Amino acid sequence: MAKETGRWTLEDVVDFEHEIGISPHAPAGLRAEVVAAARGLDGSAARRAGFAVWLDGVRNERVGARFVAALSMVGAGFAVLMFLAGISGVLGMLDRSRAGVNVSLFLAILIGGQWLLLLLGLAGWLARGRARGGLGVVQGLVGRLARKFAGSGESPWWGRLAHEGGPGREVLLWRTAHTVQAGGVAFNLGILVGLAGLVLLRHVGFFWETTTDAAMAGILETSTRFLSTPWSAWTRGFVPDAEVIARSRWTPGSTLGPGPAEWWRFLLMTTLVWGLLPRVLLWILAWRAEKSALARLDFQSRPHRILWRELTGNDRAEADGKPLDGVLVLDVGGSGLTEESLRPFLLRRLRVHPAAWLPVAVMDAGAEAEAARALKNAPAGVVLLSEGWSLSPPRMSTLHAKVRAQSGPETPIRFLVANSISHVPSPPTVEERQEWERFVDSLRDAEAEVCFYEELQPV
């Protein structure tokens, strides 16, 4: 389980999305365990630890295990089909009337076709915004089949994983990409087996034909010279030279004998280097990318952040026994609240004290330089103080972006919302809380949280 291993898996991610849809609440005892697990951690690390405890406490069904098992079954079937397709592809290159393999068609269709699909896939991946885009056609088909065999159908968890952004979708994308690339590996193994079978059992010949005198010969010489670059320096017997290419041309009335050996050796090496090796590298890349996405799970979608606020609330801040650190407080819009009036709340609830206090609306050039200097003396990050009624998403998004650019990606940013009545802090309304929660959730910043001023109980 996620709690025991300390690491999340695809099974855990699926179970988490499933459970958050059917059991978004937790008993008080489990909330206390979540707070304890997250103590001493911040941002994504705290959420990963806390949500792992929550998941272990509420998980009843093993939806994730069923889906992953079904995905493995679909992947195995896909690999078998692709292996047979590779063999069939080689057999399709055999001209039975001539008892030979057309090398130009072999290179163009079996090797060139794979690279064309890879380039089209790369273009689509870049156009969709890399891993932030949706699943490809083949990946989507693999996913649908896996859901069907797992009995999940059009489950809500699939919609959240496949269409919402973040590392959770990347985990699903890279796992399905890993499955698809395994099929590509099997396809090239099928080509190698089919070609070896034709050479050993049928003793086929190899030829090419053209309607022009020199164009195709020149293309073949250039192509073989380029494709054999990785191995031509250490073995010439695997590279057809100009003489071999000329002797292999088929003309009406000519007959084919077995070989020449340079052609089948060349085609085997070409399939290994330009067909199988890229697929193996992509298979490894997808596997490593999935592991990286699992390690970067930040749980920043709105349902995740709502659940996190419900589970932790203010308990984590008050229970956290870490030393008090200093923050840079930016009074956005000039609320009129003073450092003295908010210091007790900052100390007791946020466990920080203000190292610097700057009244700014939006960080202009002069304020940015002063804030950058103040950040060096604020190890606990930044507190953006604003009144509940004054939320302007465009202005606040700009301010957040500038603060994040100055502070770096790991610095905690807290939005402290407190209304001012005659320069005395008061809690925001329920509507104001909801608006601020939606706004901060939309930032998808793992190190950004929203806090609301509350009246402190006497100690």
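A: **Rings, a helix and charges**

Trp-231 has a relative accessibility of 1%, so Trp-231 counts as buried. Buried means under 20% relative accessible area, exposed means over 50%, and partly exposed lies in between (1.4 Å probe, protein chains only). This is a predicted model: local features need pLDDT of at least 70, side-chain atom pairs count only at pLDDT 80 or more, and totals for chains, interfaces and linings use all residues. Residues are numbered from 1 along each chain as its sequence is written, and side-chain values use heavy atoms, with hydrogens and water left out.

Rings come next. The structure holds 18 aromatic pairs. Rings of Phe, Tyr and Trp (its six-membered ring) pair if their centres lie within 6.5 Å; planes under 30 degrees apart count as stacked, over 60 as edge-to-face and the rest as tilted. Helices (H or I, at least four residues) and strands (E, at least two) are DSSP runs, numbered from the N terminus. Phe-67 and Trp-157 are both buried.

Back to Trp-231. The ring centres of Trp-231 and Phe-266 are 6.0 Å apart and the planes are at 50°, so this pair is tilted. Trp-231 lies in helix H11 (residues 229-232) and Phe-266 in helix H13 (residues 261-295), so the pair ties together parts that are 35 residues apart in sequence. Phe-266 has 0% relative accessibility, so Phe-266 counts as buried too.

Other rings join up. Trp-8, Phe-16, Phe-51, Trp-54, Phe-299 and Trp-308 are linked by ring pairs into a cluster. Some rings have a charge over the face, meaning NZ of Lys or CZ of Arg within 6 Å of the ring centre and within 35 degrees of the ring normal. Arg-98 lies over the face of Trp-250, 3.8 Å from the ring centre. Arg-265 lies over the face of Phe-238, at 5.8 Å from the ring centre.

Now helix H10. H10 covers residues 215-227, which makes 13 residues. From first C-alpha to last, H10 reaches 18 Å, close to the 18 Å expected at 1.5 Å a residue. That expected span is 1.5 Å times one less than the number of residues. Ala-217, Leu-220, Thr-224 and Leu-227 are buried in H10. These residues cover an arc of only 110° around the axis, so they are on the same side of H10. The arc is that of the directions from the helix axis to the C-beta atoms. Arg-225 and Phe-226 are exposed on the other side of H10. What covers the buried residues of H10 includes H6, H11, helix H12 (242-247) and H13.

H13 also holds Leu-281. At 51% relative accessibility, Leu-281 counts as exposed. H6 (residues 103-127) holds Gly-121, which is partly exposed at 40% relative accessible area.

Side chains of opposite charge can pair when their charged atoms come close. The structure holds 14 salt bridges. A salt bridge is a side-chain nitrogen of Lys or Arg within 4 Å of a carboxyl oxygen of Asp or Glu. Asp-95 and Arg-98 meet in one at 3.5 Å, N to O. Asp-95 is partly exposed, with a relative accessible area of 23%. Arg-98 is buried, at 19%.

Glu-170 and Arg-296 meet in another salt bridge at 2.8 Å, N to O. Glu-170 lies in helix H9 (residues 167-202) and Arg-296 in the loop between H13 and H14, so the pair ties together parts that are 126 residues apart in sequence. Glu-170 is buried at 14% relative accessibility, and Arg-296 is partly exposed at 39%.

H14 (residues 302-312) holds Arg-305. At 2% relative accessibility, Arg-305 is buried. Beyond neighbours within four places in sequence, Arg-305 is in contact with residues including Arg-47, Phe-299, Asp-441, Asp-445 and Glu-449. Contact means heavy atoms within 4.5 Å.
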